[in-house]
Amino acid sequence: MSTFDKGRQWKAAVTLLNAMEASSIVDESDKELSLPLPNTYTYSLVISACARCGKGDLALSILDQMERNVSNNETTVEPNNWVYNAAIAACSESNHQSRSK
């Protein structure tokens, strides 16, 4: 995921995140073929990749989804300083100043 962030490959980062999230839905018999679940670091890198590419709206929607998942008890992965800093960078890159305050 770090390679996607540094390489400004936001589409690949988002695709991998979606695949990781989907792997949590796979039944136990397919467990050996599933991807690891996304963690806070994963989300921060995806948001950062989006920020580097001027995809602020997408970065913020990923943050919103992460927060919704926590509030709906779908995950225990909560946003932290890394995630919020990446989201602030996304706002800065795409002129969402009102959201970054």
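Predicted model: local features only at pLDDT ≥ 70, side-chain atom pairs only at ≥ 80, totals over all residues.
How many disulfides does a search of the whole structure find? The search finds zero. A disulfide is a covalent bond between the sulfur atoms of two cysteines; here the term is applied to a pair of cysteine sulfur atoms within 2.5 Å.

Let us turn to the cysteines concerned. Cys 50 takes part in no disulfide, and the nearest cysteine sulfur, in Cys 53, lies 7.4 Å away. Seen from Cys 53, the closest cysteine sulfur is that of Cys 50, and at 7.4 Å it is too far for a bond. Cys 50 has 0% relative accessibility and therefore counts as buried, whereas Cys 53, at a relative accessible area of 26%, is partly exposed. Buried means under 20% relative accessible area, exposed means over 50%, and partly exposed lies in between, with a 1.4 Å probe and protein chains only.

Residues are numbered from 1 along each chain as its sequence is written, and side-chain values use heavy atoms, with hydrogens and water left out.

Now to the chain as a whole. The protein chain contains six helices and zero strands, where helices (H or I, at least four residues) and strands (E, at least two) are DSSP runs numbered from the N terminus. Along the sequence, the pattern reads α-α-α-α-α-α. Of the 101 residues in the protein chain, 32% are buried.
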